[in-house]
Amino acid sequence: MQSTNRWHKSHRSIKIPHVKLRPAPPSKRTHDPDAEDDAHFRKTRVTTTARAHTHADFVAHAPLQHVVLSFTGIPDKHDLIQVAERLGARVCGDLTVDVTHLIALSAGSDKYRAAVQFHMCVVRPEWLYLVREAWLAGDDTVDVAQLAEQCRLLPFEGLVLGLTGFDAHERDRLAARIDALGGHVAPRIVWDGSITHLVCAPPSEDRHRKGLDRVLMYRALLSECPDAPHVQHAARIHLVHHVWVDDCERARVLLPESAYDATRDVDSADARAQRVASLQPRVLDRTHSDAAPPPAPPTPPAPAAPRRRTSLLSWSRSASFDAPSRDQGLWATHTFHIDMHDAARTRRVIHVVRSAGGHVVPSTDEADYAIGPYVPPAPGRARCYATHHWIERCLYDEALVDVHAHPAYRAPTRPLPIPEARDWCITLTGMDRHAPTYHHTCAVIEAIGARVSASLARHTTTHLLCAPGAHASLKAQKATEWQIPLVDLAFLEALVHPAAASPSRRRARPTHRAVLEHDARPSITEEAPVASEPDRIEAPAQPMVLYDDPVARP
């Protein structure tokens, strides 16, 4: 019997008899000038790497429309990519010849050296935020090149340089220049991998370049002791002549170290000048964002007509970023003086504060808040001395947090670390490890010199720090059984701010008798402190805050 499926092919396709398939006839619809045709979508899909459309498709005058960006050395750049795309820029993962700006945090990476070779502009991430602030403020002609010059990555950003063969006067002058170029001068030459470059003085009979001789000695031992850490670290140090600093300062970029190797003679002045001129960053042809077209001449008023939406999205500048302006931010009515004792960290905190509307002033006398690291502050007349932990918490809560809410939010009033705390091992309970309170508490514990332990151990844990409401947890009960003192944040507050600690908050609470009835050792009370065992670290002089009482804290 013949199969009825005689048109059924081996590849399971079916031919329909007496039917010819032809393409559909073209549409007879009239052309809408406001509609986007298929050619537009095809072109957008080809030219856009991230998605079919970017925000720049719907904004006529984005400030970074003709800018191509790439990143190097930035671990978390998701937010930066979003900001760049909303400003009209195109982001490339690879460094190509089309890239106009490279965004980096430090100099010296492979992408950085290639960008210098191709005359690209290397800037810090703050550049994107400054362009965004200017654009959100209503500036339709954002000076992109001027802001890029303001945020240009310094030649020695992120580098640690050692000096050898210089006298005290020459060393001070050279250290000041290196600091102005973003670098840090090591006070002495160490072999722990922190030093990236060794700047050598010119050779002479009265100069002793001991650092250079030491590095060369370790390099000679590399074949015999390849696993020695100090030999490996010494082999990675770049040895450069002192004129390398001069040329990097003139070129405003990090020049290749191989051309200034201290083990060879210095090139002539003409050759060095030609090298500096050949590596100058190029100037953008378009230094301003496209200005809005001039207004049309005034015409007689016409009757109002219903406005027709021609865009695919309802879009605005401020709604694109969802960011407060300088006058409506979290700290719009407050002034700050910021000194993090480190130039790079100070710049980052200043940028964060300004992005939230704060105003930065040069003196503590004019500031409402003096922001610094977690160390005793220098004398001044600021209203409050806060730390960068307080900045983090305010941004996390999107509200102005009281500086007395946590011991980490105010600068300590005593020198840290505390000598008697170096043998303490503190375990935390009742805190979310992903919340700021946990990380800020760990920072205070490490600042006083103690250690943080993730688990409760009978013979190693000296204190159990309980969060509010965690006094009845299993860890707290087991710590009470083992006679490990239970403390809270007020205990840390009394340690780092002894003069500001309230007597009522430092008062010890009665113990939970039911937990201690089976234990023959003395109970922990205010009148009878815990007796120190031979292998137990004694409690500090301040009374402990105990959570054995189930009554809620006042």
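Predicted model: local features only at pLDDT ≥ 70, side-chain atom pairs only at ≥ 80, totals over all residues.
**Helix 14 and its surroundings**
- Helix 14 has several buried residues, among them Tyr438, Cys442 and Ile445.
- Those buried residues pack against helix 13, strand 13, strand 14, strand 15 and helix 16.
- Just after helix 14 comes glycine 449, with a positive phi of about 105 degrees.

- Four strands make an open, parallel sheet, in the order 14-13-15-16.
- Strands 14 and 16 stand at the edges with a single partner strand each, so one side of each has no neighbour in the sheet.
- Strand 13 pairs with strand 14 over three bridges, and isoleucine 426 has valine 452 in strand 14 as its bridge partner.
- Helix 14 (residues 436-447) packs on this sheet, and its direction makes about 170 degrees with that of strand 13.

**Aromatic pairs**
- The count comes to eight aromatic pairs.
- Tryptophan 191 and tyrosine 218 pair edge-to-face, at 5.1 Å centre to centre and 80 degrees between the planes.
- Tryptophan 191 sits in the loop between strands 6 and 7 and tyrosine 218 in helix 7, so the pair ties together parts 27 residues apart in sequence.
- Tryptophan 424 and phenylalanine 491 have ring centres 5.9 Å apart and planes at 35 degrees, so this pair is tilted.
- That pair links distant parts of the chain, 67 residues apart.
- Tryptophan 424 is buried at 1% relative accessible area, and phenylalanine 491 is buried at 2%.
- Ring pairs also join Trp331, Phe336, Tyr369 and Trp390 into a cluster.

Notes:
Residues numbered from 1 in each chain as written. Heavy atoms only, no water. Pairing = 2+ DSSP bridges. Helix = DSSP H or I, 4+ residues; strand = E, 2+ residues; numbered from the N terminus. Contact = heavy atoms within 4.5 Å. Axes fitted to C-alpha atoms, helices over the stretch in contact; angles between N-to-C directions. Buried < 20%, exposed > 50% of the residue type's maximum accessible area, 1.4 Å probe, protein only. Phe/Tyr/Trp six-rings, centres within 6.5 Å; stacked < 30°, edge-to-face > 60°.
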